[in-house]
Amino acid sequence: EKNNNNKWMWLFDSKGFGIKHSMEMATAMGIIKILSKYENSLCEIQILNANPLIKTFYLLIYQFLSIDTVNKINWK
């Protein structure tokens, strides 16, 4: 939980991310909470193996993310 403001990168491999995950509000809220809490030390988010469900999930949480966080996202 304590990051001590260390720089970090989130490598999100969405392989296996299915409809169950994309429809769970708790998943979305958890991701938003983590990104908000550690936004200042987060350097980059790399999303691997994106499928249509992960892209839909992104559209659901996009509106709750800061512009700085959105700009850190790289789709691989």
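This is a predicted model: local features need pLDDT of at least 70, side-chain atom pairs count only at pLDDT 80 or more; totals for chains, interfaces and linings use all residues.
Me: Which strands pair with β2?
Reply: Strands (E, at least two residues) and helices (H or I, at least four) are DSSP runs, numbered from the N terminus. Two strands pair if DSSP finds at least two bridges between them. Here β1 (residues 8–13) pairs with β2 in the parallel sense over six bridges, and L11 stands opposite Q46. Strand β3 (residues 73–75) also runs parallel to β2, joined by three bridges; W75 in β3 is the bridge partner of I47.

Me: Why is strand β2 described as largely enclosed?
Reply: Buried means under 20% relative accessible area, exposed over 50%, and partly exposed in between (1.4 Å probe, protein chains only). Five of the seven residues of β2 (residues 42–48) are buried, so the rest of the structure largely encloses this strand.

Me: How is the pair of Y58 and W75 read?
Reply: Rings of Phe, Tyr and Trp (its six-membered ring) pair if their centres lie within 6.5 Å; planes under 30 degrees apart count as stacked, over 60 as edge-to-face and the rest as tilted. The structure holds four aromatic pairs. One of them, W10 and F12, is edge-to-face, at 5.4 Å centre to centre and 85° between the planes. The ring centres of Y58 and W75 are 5.3 Å apart with planes at 85°, so this pair is edge-to-face.

Technical notes. Residues are numbered from 1 along each chain as its sequence is written. Side-chain values use heavy atoms; hydrogens and water are left out.
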